[in-house]
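Here is a walk through one protein model, taken helix by helix. Keep the viewer open and follow the residue numbers.

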Amino acid sequence: MVSARPPRLDAAATEVAATAAAAPDWGALADVARSCVACPELAATRQHVVVGDVPVTGRPRLVVVGEAPGATEDETGRPFVGRSGALLDLLLGEAGLPRAEVAVLNIVKCRPPANRTPKAPEVARCSGWLRRQLDLLDASVVVALGLSSAKWFLGPRTVLGQVRGRAHDVDGRAVWVTYHPSAAIRFGPNGAPRAALAADLHAVAASL
């Protein structure tokens, strides 16, 4: 078993971690996360803190973790509701994992300007929110979408193509790593990333 390895914490990250750990339930965590200003650049340019979607009834069958909100997510305050979200919903449904039964989160809760990759300090500062979310949801299976998410769980030297297709024991959870839906869109409907993402989601479903 390995432990999730977010980047080194600075003072802001330590404060977020303490605040998140003190949240007694999902509602309290969401309320305090929405006012987070730990990353000044992101706080100045965001419209919403995208806390995440959780099933309205009961424990999720699994947790899906992406990278960061995009423009549509920032506008709506919900994760994976743009083109990537539509494809994710389609492929989850085809695998027998309707989104209504799945928790959908991101490593970073605020949209980076121009959809750039989140910086290491931003990932570190947001890690406290994600750790507490995973604890509160208590899901035994996690799907990490894309390289940023994969590195958060498995470490900075992770090569996505080498670790996908099987479960990794991380902090007592089965973590599956696969391609982000945006990669599947970029390479087209017949591209390798979409086929791999679909295959991996079917494998996850079979493992539940």
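Start with helix H1 (residues 11–22) and H6, whose axes come within 7 Å and cross at roughly 15°. An angle under 35 degrees counts as roughly parallel, so H1 and H6 are roughly parallel to each other. H1 passes H6 in a right-handed crossing. On the H1 side, the residues that meet H6 are Ala 12, Ala 13, Val 16, Ala 17, Thr 19, Ala 20 and Ala 21. Their partners in H6 are Ala 124, Arg 125, Gly 128, Trp 129 and Arg 132. Bear in mind that this is a predicted model.

Now look at H6 itself. Helix H6 covers residues 120–137, 18 residues in total. From first C-alpha to last, H6 reaches 25 Å, close to the 26 Å expected at 1.5 Å a residue. H6 does have a kink of about 40°, centred on Ser 127. Of its 18 residues, 13 are buried, so H6 is largely enclosed by the rest of the structure. Just after H6 comes Asp 138, with a positive phi of about 55°.

H6 has another helix packed against it. The axes of helix H2 (residues 26–33) and H6 come within 10 Å and cross at roughly 165°. Angles over 145 degrees count as roughly antiparallel, and H2 and H6 are therefore roughly antiparallel to each other. The crossing of H2 and H6 is left-handed. H2 contributes Trp 26, Leu 29, Val 32 and Ala 33 to the contact. H6 answers with Trp 129, Arg 132, Gln 133, Leu 136 and Leu 137.

Next comes helix H7 (residues 147–154), where Ser 149, Ala 150, Trp 152, Phe 153 and Leu 154 are buried. What do these buried residues pack against? Their partners include H6 and S1, along with strand S3 (141–145) and helix H8 (160–163). Strand S4 (167–170) and strand S5 (173–178) are also among them. Gly 155 follows H7, and its phi is positive, near 115°.

S1 leads on to a proline. Pro 69 lies in the loop between strand S1 (62–66) and helix H4 (71–76). Is Pro 69 buried or exposed? Its relative accessible area is 3%, so Pro 69 is buried. Setting aside residues up to four places away in sequence, Pro 69 touches Val 50, Asp 74, Asn 106, Val 108, Lys 109, Cys 110, Arg 111, Pro 112 and Asn 115. Pro 69 and Leu 105 are 36 residues apart in sequence, and their C-alpha atoms are 9.4 Å apart in space.

Move to helix H5 (residues 83–94), which holds Gly 85. Gly 85 has a relative accessible area of 0%, so it is buried. Neighbours within four places in sequence aside, Gly 85 is in contact with Phe 80 and Arg 99. Gly 85 and Pro 156 are 71 residues apart in sequence and 26 Å apart in space, C-alpha to C-alpha.

Finish with the packing of H5. H5 and helix H10 (residues 192–207) pack at an angle of about 45°, with their axes 9 Å apart. That angle makes H5 oblique to H10. The H5 and H10 crossing is right-handed. Leu 87, Leu 90, Leu 91, Leu 92 and Glu 94 form the H5 side of the contact. Facing them in H10 are Arg 194, Leu 197, Ala 198, Leu 201 and His 202.

Notes: Residues are numbered from 1 along each chain as its sequence is written. This is a predicted model: local features need pLDDT of at least 70, side-chain atom pairs count only at pLDDT 80 or more; totals for chains, interfaces and linings use all residues. Side-chain values use heavy atoms; hydrogens and water are left out. Helices (H or I, at least four residues) and strands (E, at least two) are DSSP runs, numbered from the N terminus. The expected span of a helix is 1.5 Å times one less than its number of residues. The bend at a residue is the angle between axes fitted to the seven residues ending there and the seven starting there. Buried means under 20% relative accessible area, exposed over 50%, partly exposed in between (1.4 Å probe, protein chains only). Contact means heavy atoms within 4.5 Å. Axes are lines fitted to C-alpha atoms, for helices over the stretch in contact, and angles run from 0 to 180 degrees between N-to-C directions. Angles under 35 degrees count as roughly parallel, over 145 as roughly antiparallel, 65 to 115 as roughly perpendicular and the rest as oblique. A crossing is left-handed if the near helix is turned anticlockwise from the far one by less than a right angle, and right-handed if clockwise.
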